[in-house]
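Reader: Hey, I've got this one open on my screen and I'm a bit lost. Can you walk me through some of it?

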Amino acid sequence: MAAYGIDVDILIVGAGPAGLAAAVAAKETGIDNLVVLEREDHPGGILRQCIHNGFGLHRYNEELTGPEYAQRDIDKAEALGIDIRCGTTVLSVEADHTVTAVSTARGLETYKAKAIIMAMGCRERPRGAIGIPGARSAGIYTAGTAQKFVNLEGFMPGKRIVILGSGDIGLIMARRMTLQGAKVLACVELMPYSSGLKRNIVQCLDDYGIPLYLSHTVTNIEGGDRLTGVTVAKVDEHRMPIPGSEIHFDCDTLLLSVGLIPENELSNQAGLEISPFTSGPVVNDVFESSVPGIFACGNVLHVHDLVDYVSQESTEAGKAAAEYIRRESFNGKTVAVQDGNGVRGTVPQKILLDEDKKVNLMFRPSGVFEKAQAIVTQGDTVLVKKRAQIFTPGEMVVIPLDTTKLAGEDPVKVSIEKV
Amino acid sequence: MEEKQIVCINCPLGCRITVTMDGNEIKKIEGNTCKRGEVYARQEVLSPVRVITAVLPVEGSPVPVSVKTAAPIPKNKIFECMAEMGKTSLKAPIHMGDVIVPNILGTGVNVVATKSVG
């Protein structure tokens, strides 16, 4: 690419909680020539619109709202003099560490980075991806879009609301819409369990008497210019609507909270290997992708429940990127980490055998398991166990693995079994 | 003896806590993983409280300001609290941490801004 590229040590794509934590960590290890590129006009990412409380208990031992949590990272980054370039859209990332970006302020730019950290976050699954029949009326939004309207722009998207999907943003919006004066008629979930955190079911639905219809889905959308109602039906074990079980709701708004997908267009372009289970890059325990010197952390890697864990993971990624520059590579033998029974999308997928350390294995249960244990094995050897009253897909499980327990290069398997 | 099941809302881990009650007396609290969980469970069975967050319009700012109660308030005052906050007329600039409504509904709790606008 262009010989006039701007040379930087570390380039970070995204100034949400992941990008900010990675930048601060890298800077604190002594990397000065560092730049963060952010598409929006402000740093902070999705936290800016998450005005509810509940962030930061693990990291700060206090309960913050999203904007307050983000501000702490922004303040830290500013105090360290970190160069955050907002209003800058990254157009491409290439395997040779060339990054092309465009902004109104500086036009088209080419960067050449020693290391790159991907921290682009995730996006909501839209209506088109779930195939609901019926009218294409106005009044159908993803929960996060509604959240942006209400919390950042001060507009209410509707008065009588049905929510499809029980992801955390949908639950949070059920409460927000209720508090701001709307009537939330129902939260409808296709699966027999919610994909949201239990606390949000309690705090956002139960507190306000909003019914949660499990094993139900929206089978029809009615309306002309504007949505006028939806039909909801119970589904059987194959998730097919059961005739005769239909319930009709008169509503003007349907919010969708039907899943989050890591936003990896740039990673695909750069040729990073993507896991079909997490939809994020395949990484080793220092969060380095299949392309040397390109790292990934936060929701672009795998969708988290807690921003505290995003910050923790991204701090590690930031340190690792700095270390990569010093060592010039993370070559060495690795042990593969595989998903066993009841486990989906364990991160990291590889562990470097370069030194003794503690590695956090993070994954989602593939279903609901009561009175069970998560178990990490290598061959016939059990390396670590973690018991829990319940494992659900809505809550990520983290198991610390002491690498001194590893013997040889046989793969490690993570599974869930009944106790 | 009566058992009450509570999901802790102190942090997003959501520990499932079982409180064993004898009338209005707490006999046993189990399932919490930190001290805050025990405190919460005790509170939740005796007199539940919540932190309330909201957005309020600000004159002179194209964007609303987000606010929170600086401490939890009684759960049965949530809607009264929203209505009271709605009566305020705010002007830019507002800074994060500014008191928006002092001592809301006589609870001793201030409503404060969680972002800066204007």
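Reader: Let's start at B:Met1. Leaving out residues up to four places away in sequence, what does B:Met1 touch?
Author: This is a predicted model, so keep that in mind throughout. In it, B:Met1 touches B:Thr20, B:Asp22 and B:Lys27, once residues up to four places away in sequence are left out. B:Met1 itself sits in the segment before β1 of chain B.

Reader: And is B:Met1 buried or exposed?
Author: Exposed. B:Met1 has 8 C-beta neighbours inside 10 Å, and that is why B:Met1 counts as exposed. The cut-off for exposed is 12 or fewer.

Reader: OK, what about β2(B) and β3(B), how do they run?
Author: They run antiparallel, joined by five bridges. One pair to look for is B:Met21 with its bridge partner B:Ile26, which is in β3(B). The hairpin of these strands has two residues between them, and B:Gly23 in that hairpin takes a positive phi near 65 degrees.

Reader: How many of the six residues of β3(B) are buried?
Author: Zero, so β3(B) lies largely in the open.

Reader: Switching to the helix α1(B). Which residues of α1(B) are buried?
Author: B:Gly37, B:Tyr40 and B:Ala41. They cover an arc of only 100 degrees around the axis, so they end up on the same side of α1(B).

Reader: Why would residues like that point the same way?
Author: An α-helix has 3.6 residues a turn, so residues three or four places apart point the same way.

Reader: Nice. So what covers the buried residues of α1(B)?
Author: The cover includes β1 (2–7), β2 (16–22) and β3 (25–30) of chain B. On the face turned away from the buried side, α1(B) carries the exposed residues B:Lys35 and B:Leu46.

Reader: How far does α1(B) reach from its first C-alpha to its last?
Author: It reaches 17 Å with its 12 residues, at positions 35–46, and that is close to the 16 Å expected at 1.5 Å a residue.

Reader: Over to chain A then. In what order do the five strands of the open sheet come?
Author: The order is β10-β17-β11-β12-β13 in chain A, and the pairing is parallel. β10 (140–142) and β13 (212–213) of chain A stand at the edges with a single partner strand each, so one side of each has no neighbour in the sheet.

Reader: What packs on that sheet?
Author: Helix α4 (residues 143–153) of chain A does, touching β10, β11 and β17 (253–256) of chain A. The direction of α4 makes about 90 degrees with that of β10(A). Helix α5 (residues 168–179) of chain A packs there too, touching β11, β12 and β17 of chain A, and its direction makes about 165 degrees with that of β12(A).

Reader: How many bridges pair β11 and β12 of chain A?
Author: Five, in the parallel sense.

Reader: What's with the phi of A:Lys371?
Author: The phi of A:Lys371 is near 45 degrees, a positive value in a residue other than glycine. Most residues other than glycine have a negative phi. A:Lys371 is in strand β24 (residues 369–378) of chain A.

Definitions and conventions
Residues numbered from 1 in each chain as written. Chains lettered and ligands numbered in written order. Predicted model: local features only at pLDDT ≥ 70, side-chain atom pairs only at ≥ 80, totals over all residues. Pairing = 2+ DSSP bridges. Helix = DSSP H or I, 4+ residues; strand = E, 2+ residues; numbered from the N terminus. Contact = placed C-beta atoms within 7 Å. Axes fitted to C-alpha atoms, helices over the stretch in contact; angles between N-to-C directions. Expected span 1.5 Å × (residues − 1). Buried ≥ 20, exposed ≤ 12 C-beta atoms within 10 Å, placed from the backbone. Arc of directions from axis to C-beta.
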